[in-house]
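Work through the exercises below with the sequence and the model open beside you. Try each task before reading its solution.

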Amino acid sequence: MKLTENDTIAAIATALSPSGIGIVRISGPEAFAVAGRVFGDEVTRFESHTVHYGFVRDPETGRTVDEVLMLVMKAPRTYTREDTVEIDCHGGVLVTKRVLEAVLAAGARLAEPGEFTRRAYINGRIDLSQAEAVAGIISAKNDLALRNSVRQLRGREREEIMRIRGEILREIAQIEATLDDPEHLSFDGFDEVVTTQTEAQLRSIRKLIETAEDGRRIREGIRTVIVGRPNVGKSSLLNALLGEDRAIVTEIAGTTRDTLTEEVRMRGITLLLVDTAGIRTTDDAVERIGVERARRAVEEADLILWVVDGSEPLSEDDCDILAACAGKPVIPLLNKSDLAAVTDETALRSMISQTVGEQGSVGEPLAVSAKTEDGLTALEERITSLFFSERIAADDECVITSERHRSALVSAEESLRKVRESIATGMPEDFYTIDLTAAYETLGTILGEEPDEDVINMIFSEFCLGK
Ligand SMILES: Nc1nc2c(ncn2[C@@H]2O[C@H](COP(=O)(O)OP(=O)(O)OP(=O)(O)O)[C@@H](O)[C@H]2O)c(=O)[nH]1
Ligand SMILES: [Mg+2]
C-alpha cells in the first residue's frame, strides 16, 4: 500500500457477531457522496457532527437494507482527518455485511486492516507511536497494559522522545553554527558541555530501555512458574488461583507430567501461571521429561512460586529445587496450612538461609492452603507488590512496550556512546555531528518521521479490520 493513498474506504468497525449495533465506517474525499448514494442526497447538506435517522438502500437494486442512524463528520475534526461517515445499523452479522456491500457498491473501496488509523497517522493527527498505542489499547488484556497504551496515545512517550531529540538537535545546530562562523563563535568549553548533556541523554535513554522488560511483562503477563516436589499441591494451587479445576489433582505423587500454562488476571495485571511436574529423581521416562521441562520453565521464569508441603518434613529434594531457583525472585509457599504443621516457617526460613544464604531474591515464607484458599489473598498482594508497584501508582511513568521502540533506543544509545568516545579521544567537533545526527534520526523513527514504507505496512497490517 502506498503511503499517500486518499481514495474513499469503508469497513465494518464492530465485531462480526450478533450484537446491539454494527458500525460501517466510511472515510475519504467521497465519503458524503458515497453515503448519499445509499441514504439519500440530503447527506451532502447535513451539518458536520450530526446524527440522522433513515434507511440504507442498495444503490443497484434500490432495495431497503436496514434502518440506521448516520453520523456525518466533516474533515478535519475526525479520526482520520478526512470526511467521515459512520452508519449504525442493527448488529446482525448478515445485515451489517449487507450495509457494507451497499456502501462498496456506491463507490467506496474495502479498507485494509488498520487503514483508518494509518490515515490518521499519514494526515498528521497522531504519530506512529500513538498509532501503535491504538493497537495496544485494542489488544490490552489487563488494566495496566490498557493504562499504559492510553498514556502512550496521549503522547507521554512522544514527549520524552521529543525532549531528548530537541537537546540533540540544539547541539548539532551549535556545532554547525560554530563551524560556519568561526570568527564570532568558538568551541571553547564546548566538549565539557556536550559531554555533560550526552551523559544526561544516555541516562534518559537507558531509563527508557530498562522499562522495556516491564513493558513485556505488562503486555504479555508475568511468567510465574510453580515448582516443588511431587504431591506438595502445585496443581491444586494453580487451580485455586485460576478459580477452576484446570489441572489434574490426585494424591498420587507424579500426577503432573507436562507443563501447563494458564492466564490469570490479578489486580490489574496478568500472570502466565505455569504448573510443572514435581521435581525428583525418577526412573520413569515420561516423568523424567516432565522434570526436565520443569527445570527449563524455571530458567524462563520472571517469578517462582516454590511450594513445600508443611505437613511433611523438609527433604533434600526441597533444597535442590530451591538451589535451582536461586537468582530469580522466589516466593516460598508453605502449603497445606490446614493440616497439622510438621514444617513451620522458622524451619523453612533456616533451610532457605542454609541453601541460598541471605540472597535477597528469595522472599519471606508464606503459609497457604490451596485446599481452603487460606493465604491466597496475601499471595496476590505479595505478587502485585513485587511487580510494577511504583508503576501502578505513578500515572505518568513512560514504559516502553514495543520491541521496535526498544531497538531504536538501543541504537540511539550506541550513537551517543560514540559521541562520548569521540570527545574522549579528541576528535574534531564536526565528527560528533555524524553520530548526533544518527541518534536524532533513530529516535525519530519511533515517532514515524521519515517513514519507512515496509515498517509502516508491517505495523498497520497487525490491526484489525475497520480500525
Ligand atoms: N489438606 C490439603 N491437601 C492439599 C492441599 N493442596 C493439595 N492437597 C492435596 O495434595 C495432593 C497432591 O496435590 P496436587 O495438587 O496434585 O500436587 P502436585 O504438587 O501438583 O503433585 P504432582 O503433580 O504429582 O507433582 C492431593 O491429594 C491434594 O488434594 C492443601 O492445601 N491442603
Ligand atoms: Mg501436579
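**Exercise 1.** Which helix gives the most residues to the shell around ligand 1?

*Solution.* The model is a predicted one. Start with the helices: H8 (residues 234-242) gives the most to the shell, with three residues. Next, look at the distances. The shell has 24 residues, and those that come nearest to ligand 1 are Gly233, Ser235, Ser236, Thr256 and Gly278. Then sort the shell by class: twelve residues are polar, seven nonpolar and five charged.

**Exercise 2.** Explain why ligand 1 lies between domain 2 and domain 3.

*Solution.* Take the bounds of each domain. Domain 2 covers 140-248 + 262-271 + 389-448, and domain 3 covers 249-261 + 272-388. Both domains give residues to the shell around ligand 1, so the ligand lies between them.

**Exercise 3.** Is strand E11 (residues 330-335) largely enclosed or open, and why?

*Solution.* A residue counts as buried if 20 or more other C-beta atoms lie within 10 Å of its own. Six of the six residues of E11 are buried, so the strand is largely enclosed by the rest of the structure.

**Exercise 4.** Which strands are joined to E11 by bridges?

*Solution.* Strand E10 (residues 303-309) runs parallel to E11 and is joined to it by six bridges. Asp309 stands opposite Asn335 of E11. Strand E12 (residues 366-367) is also parallel to E11, with two bridges; there, Leu366 is the bridge partner of Leu333.

How values were computed
Residues numbered from 1 in each chain as written. Chains lettered and ligands numbered in written order. Predicted model: local features only at pLDDT ≥ 70, side-chain atom pairs only at ≥ 80, totals over all residues. Buried ≥ 20, exposed ≤ 12 C-beta atoms within 10 Å, placed from the backbone. Helix = DSSP H or I, 4+ residues; strand = E, 2+ residues; numbered from the N terminus. Pairing = 2+ DSSP bridges. Near = placed C-beta within 6 Å. Nonpolar A, V, L, I, M, F, W, Y, C, P; charged D, E, K, R; others polar. Domains from an automatic or database assignment.
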